[in-house]
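Colleague: Hi! Could you walk me through this one? I'm new to it.

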Amino acid sequence: MSDLHVSWSDYHHTIEQLATQIYLSQWEFNQIVCLAKGGLRVGDTLARIYDVPLAILATSSYRSGKSRSSLVFSRDLTMTTPNLGSHVLLVDDLVDSGVTLQKTIPWLEHHYGFYIEEVRTGVLWYKACSVIKPDYYVDYLSDNPWIHQPFERYEAMTPADLV
């Protein structure tokens with residue numbers, strides 16, 4: 001397993017490539033649900049480009065560094081609309097094992113299924129080791145690298161470090 005280091009410029013360009021791919025598919029959606037924390041920037045950018053509401057579902061499966069623990073979902077979606085859209089684009093930054101994305105779809109259907117007609121998934125990076133293939137992805141990573149994203153430096157930083 002190698003490492004993939006992503007700059008801010010590359011990161012934003014990859015989100016734009018995802019937006020283009022979705023647009024070219026001609027699929028129309030009326031809601032984006034992003035998985036926090038990794039999918040926040042992706043969801044925010046796509047919601048701005050497509051001018052659709054953004055909902056946030058907080059999830060956690062990484063505790064420290066590269067170690068993975070059990071998957072935890074927030075109790076509810078955070079959203080500014082009274083109801084969830086009928087055609088939902090579910091986004092995250094990547095699928096590693098794919099478990100988070102795989103388990104989020106039934107979670108959405110269980111909690112908001114009354115509103116949902118279709119869910120499609122989009123990520124920036126799709127690793128070969130994933131148990132689920134996203135509908136939209138920019139890069140397929142056959143060697144399953146650890147991805148170093150540009151905002152990771154903040155995970156090891158404290159307010160005192162800034163002073």
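**A first tour**

Modeller: Happy to. Starting at the N terminus, the elements of the protein chain follow the order β-α-β-α-β-β-β-β-α-β-β-β-α. Helices (H or I, at least four residues) and strands (E, at least two) are DSSP runs, numbered from the N terminus. This is a predicted model, where local features need pLDDT of at least 70, side-chain atom pairs count only at pLDDT 80 or more, and totals for chains, interfaces and linings use all residues. Residues are numbered from 1 along each chain as its sequence is written, and side-chain values use heavy atoms, with hydrogens and water left out.

Colleague: How many helices and strands is that?

Modeller: Four helices and nine strands.

Colleague: And which residues have the most contacts inside the largest nonpolar core?

Modeller: Tyr11, Leu18, Ile32, Val42, Leu46, Leu89 and Trp125, in a core of 24 residues. Such a core is a set of buried Ala, Val, Leu, Ile, Met, Phe, Trp, Tyr and Cys residues joined through side-chain atoms within 4.5 Å; buried means under 20% relative accessible area (1.4 Å probe, protein chains only).

Colleague: Which element gives the most to this core?

Modeller: α1, with five residues. Elements supplying at least two residues each include α1 (8–25), β2 (31–36) and α2 (40–50).

Colleague: What does Ile32 touch?

Modeller: Leaving out residues up to four places away in sequence, its contacts (heavy atoms within 4.5 Å) include Gly43, Leu46, Val52, Pro53 and Leu89.

Colleague: Switching topic, how much of the protein chain is buried?

Modeller: Buried residues are 44% of the 163.

Terms used:
Buried means under 20% relative accessible area, exposed over 50%, partly exposed in between (1.4 Å probe, protein chains only).
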